Amino acid sequence: MAEMNQVTAIIQNELSRLRRFAYSLTSNKADADDLVQNLAVKLLKTGIPADVKPIPWMLTICKNLWIDEIRSREVRMRPSINKKLADDEAYDSNDQSIHVDANRVLNAVADLPENHKLALSLVAIEGLSYAEAADVLEVPIGTIMSRVARARSTLAKQFEM
Amino acid sequence: MTPDDQQLLSAYLDGELSADKLSEVQNRLLIEPELQHHLNKLKKNDTAIKNTFDEITKDPVPESIQALLRPESRKVSSASSSKIGRILQNNHAFRYWPSAIAASFIVVINIFISQHYGNSDSLLEIDAAQPSEQLAHILSKNPSGSIITIDEHKVHTELSFLRADDTFCRQYAVYNSDAGLRAVSCYEKSTWINKVVSKANLKNSGTDTYQPASAEESKIIDDYIEANMQGVPLTQAEEKAELQDR
C-alpha cells in the first residue's frame, strides 16, 4: 500500500486527468470537482495498493463513485450552460462559436448511455488502451471496442444534425 | 457505413488493430473516399471532445481539493468547510471513549448532552442519548463547516451523510477551552439521536481552530461512519436539500 504522502503526490500529479475524466462523466464542472473531491477522500482513506497501476486504479474508483452517485440520484446529470461565458459580452464571435460547439459536445456526451460514455472517456479522452479500459470497467476488450465505436457513431450522427 | 466499418475505423483511431487489419484498413482508405471522409469526421469529433473536457483543467483547482492535498490539512483542522479536511481529521484525530472521564470533559457533556442523564455513570450509555434541544436545533439548521458559539463553547458541524437506510446523519464536535467531544447523530423519527460519541482533544483556542488528538480517538466515530455511510459524504447541495427537510 502506498504511503499517504505518496498517494497525495499521485493525486496531485494526475489531478488534471482526474478532473477531465470526472468532467466527461458529469458534463458539469461543479459536479466534476465534487466527484474529484470525493475520489481524493476515498483514495486518502483507503490508499492505493502497491500492486496496481495507479491511474487505472484511480479511474476505476472515480467511475465507481460516479455510478454510486447517479444511482443515488436516480437522474441523469445534464450539462449546465456556462453562464459566465454566456453573460460575458466581451468574447468575440470566434470564441462564441467555440463555446456553442462545446455545449453541443457536452449535451451529446451527456446523452450517451452511461457505459458508452465511460468507455469513450477512458479511451478517446484519457488515452487508455482497450485492455486498460476493460480492466477499469471490468468487461471484455471486445466490449470496449464495441462501446467506443458505438459512442463515436452516436456522436457523429448528433454532430451532423 | 456499416457497423463493422465503424468499429474498424474506431479501433484504427485508437491504434488497436492487428497488423493484418491495419494493413487492410490502410489499403481501403486509399481507394474508398467515403471511408476516408468518415475517418476524418471521427478524428475531428475526437478533437472536439478532448478540447471540451480539457476546459476544466484551465479552471483553478477548488480550495477544498487543494486543502485536502496539503499535508498540514491532515495535522490541524481549520475552520474550512472542506468536507475532505473534516474526514481526514476524523480519520486521524480521535480516541475511544475512555472509561475514566476527566472532570473537564464532564463539564462539556453536562452543558450539551447530560440533561438527558442523571449522573456521570450514565454518560457511558451514550448510544441512547439525544442531543440537547439547542444542539438539535444547530444540527437541523446549520451546514457543515459552521462553527456556532454558545457562551464559552463552540459547536462545529463537520459533515453530513446518508446512512444505508437513507437516514440523514451528521458528525459534529463540541468543545470549550478545556475539553471537547465529537459525535455522530442521526435524524430518526423526527428526532436527533446520538449514535456514537467520543471524547476528543478539541480546544477552543480563541480562534476557530482546534487541535485533533490521536488516531485512537477517531476509531469509534470512524467505525460507525465506515460501517453505515451510504457512498460518500453529502455534497453541499445535497446537504442543503436535507436540511430544508428538517
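Because the model is predicted, local features need pLDDT of at least 70 and side-chain atom pairs count only at pLDDT 80 or more, while totals for chains, interfaces and linings use all residues. Residues are numbered from 1 along each chain as its sequence is written, and chains are lettered from A and ligands numbered from 1 in the order in which they are written.

Helices (H or I, at least four residues) and strands (E, at least two) are DSSP runs, numbered from the N terminus. Two packed helices are described by the angle between their axes and the distance between the axes. In chain A, the axes of helix 7 (residues 114-125) and helix 9 (residues 141-160) come within 8 Å and cross at roughly 95°. Here axes are lines fitted to C-alpha atoms, for helices over the stretch in contact, and angles run from 0 to 180 degrees between N-to-C directions. Helix 7 and helix 9 of chain A are therefore roughly perpendicular (under 35 degrees counts as roughly parallel, over 145 as roughly antiparallel, 65 to 115 as roughly perpendicular and the rest as oblique). Among the residues making this contact are Leu120(A) and Val123(A) of helix 7 and Ile144(A) and Val148(A) of helix 9.

Turning to the two chains, 35 residues of chain B are in contact with 43 residues of chain A; contact requires C-beta atoms, placed from the backbone, within 7 Å. On the chain B side, helix 3 gives the most, with ten residues.

The strands of chain B come next. All eight residues of strand 3 (residues 168-175) of chain B are buried, so this strand is largely enclosed by the rest of the structure. A residue is buried if 20 or more other C-beta atoms lie within 10 Å of its own, exposed if 12 or fewer, and partly exposed in between, with C-beta atoms placed from the backbone. Phe168(B), Arg170(B), Tyr172(B) and Val174(B) cover one side of strand 3, and Cys169(B), Gln171(B), Ala173(B) and Tyr175(B) the other.

Strand 3 of chain B has a partner in strand 2 (residues 153-162), antiparallel over eight bridges; strands pair if DSSP finds at least two bridges between them. Ser160(B) stands opposite Arg170(B). These two strands form a hairpin with five residues between them, and Asp166(B) in the turn has a positive phi of about 70°. Seven bridges join strand 3 to strand 4 (residues 180-188) of chain B, again antiparallel, with Tyr172(B) opposite Ala183(B). Strands 3 and 4 of chain B also form a hairpin, with four residues between them.
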